[in-house]
Amino acid sequence: MSRSYVLLARLAGPLQAWGLVSRFDRRDTHLRPTKSGFLGLLAAAAGYSRDESLHPLDELRFAVRADRPGIPVRDYHTVGGGRYPLRPRDLITDHRRAQQASTALEAATGPVFGATTARALTGWYGAPKGIAPDPDGGPLLARRVGRDPMITSRSYLADAKFVAAVEHPDRNLLEELATALEQPRRLLWLGRKNCPPTGEISGGVHPGSLEEVLARTRLLPKSAVDRPWTWIEVPAGTAGASPVTDHPISFHTVHRSYAPRWEQRVRIEPGESIGWDHLL
């Protein structure tokens, strides 16, 4: 049986968001980092593009330990409403707006384009939405030009700290990923682009299985529990395991896809062999 190695990572920041079924107007978050979210972070650190194969990252076995589960919070957003200066783009994408504004623009005396305050423009401006080519003529048109804002709800985990871990027999691969986490080729975030990580991420590479290494790893500073819950990826059909569909097949912008995997929830009493002294 080949020897395994584990890469540890510290996932901490003011906000985290690990969505499962998020859509534009409603962005949820899981109560812990997902495998797709963490592999996405590794892929970004290593410089993968979205249309690139995830091999060998798709071979990694995953686990996450909730040292500080955090507090669920919800943020209220409105998008696309309000009054803004008129822009050339708004006339290009909506011919009706251009016709309505033409007279006012010709008579305008403002120092820059869009400075007019003519009544002809009152109530017309709203962030153009649904921009697409006109099927009849080809020019870009906005299907919706109303000023009504879109209301969105976005959920986060506040003040959370997790230990994520991935297992693989190739130590060189994990060492390269550990280096990439501290010298990333792309920006890193904790599930969503407005959730940057704080401090150092990599906890180094250690010999052993996920279960063995996490049991030897000290709790993160300011942890909230003594025996944190841990979710460990296991073979399909393992007693007490449950399925979750977050194993990434592709991060392609249009053809993003995921496959199911199995995980087991257990409590782990952390040891002291592997510490976080460099994070204090």
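Is Arg68 buried, exposed or partly exposed, and at what relative accessibility? I began my notebook with that one, and Arg68 counts as partly exposed because its relative accessibility is 24%. My cut-offs: buried means under 20% relative accessible area, exposed over 50%, and partly exposed in between, with a 1.4 Å probe and protein chains only.

**Ground rules**

I am working on a predicted model, where local features need pLDDT of at least 70 and side-chain atom pairs count only at pLDDT 80 or more, while totals for chains, interfaces and linings use all residues. Residues are numbered from 1 along each chain as its sequence is written, and side-chain values use heavy atoms, with hydrogens and water left out.

**Overall look**

I counted 5 helices and 11 strands in the protein. These are DSSP runs numbered from the N terminus: helices are H or I with at least four residues, strands are E with at least two. Of the 280 residues, 42% count as buried. I also looked at contacts (heavy atoms within 4.5 Å). Among those with a separation of 6 or more, 77% come from residues 24 or more positions apart.

**Salt bridges**

My search of the whole structure found 10 salt bridges. The test is a side-chain nitrogen of Lys or Arg within 4 Å of a carboxyl oxygen of Asp or Glu.

I went back to Arg68 and found that it forms a salt bridge with Asp159, with 3.0 Å between the closest N and O atoms. This pair links distant parts of the chain, 91 residues apart: Arg68 sits in strand β3 (residues 61-68) and Asp159 in strand β7 (residues 150-168). Asp159 is partly exposed, because its relative accessibility is 41%.

Next I checked Glu263 and Arg32, whose side chains meet in a salt bridge at 2.3 Å, N to O.

Then came Asp246 and Arg261, joined by a salt bridge of 2.5 Å, N to O. Here strand β10 (residues 242-250) holds Asp246 and strand β11 holds Arg261, 15 residues apart. I noted Asp246 and Arg261 as buried too. Through shared partners, salt bridges join Arg32, Asp246, Arg261 and Glu263 into one network.

**The largest pocket**

What volume does the largest pocket have? I logged about 1100 Å³, a volume being the space filled by probe spheres set on grid points joined across faces, edges and corners. A pocket is an open set of points on a 1 Å grid over the protein atoms alone, where a 1.4 Å probe fits, with protein on both sides within 12 Å along at least five of seven lines; lining residues have an atom within 4 Å of a point.

There are 33 lining residues, and the closest to the pocket centre are Arg50, Gly191, Phe251, Arg256 and Tyr258. Helix α1 gives the most to the lining, with 6 residues. I sorted the lining into 15 nonpolar, 9 polar and 9 charged residues. For that sorting, Ala, Val, Leu, Ile, Met, Phe, Trp, Tyr, Cys and Pro count as nonpolar, Asp, Glu, Lys and Arg as charged, and the others, Gly among them, as polar.

**Last stop: Glu182**

I found Glu182 in helix α4 (residues 171-182). Leaving out residues up to four places away in sequence, Glu182 touches Glu200, Ile201 and Ser202. A polar atom of the Glu182 side chain lies 2.8 Å from the backbone nitrogen of Ile201.

Key: A polar contact is a pair of N or O atoms within 3.5 Å; within protein, one must be able to donate a hydrogen and the other to accept it, and residues adjacent in sequence count only if both atoms are side-chain atoms.
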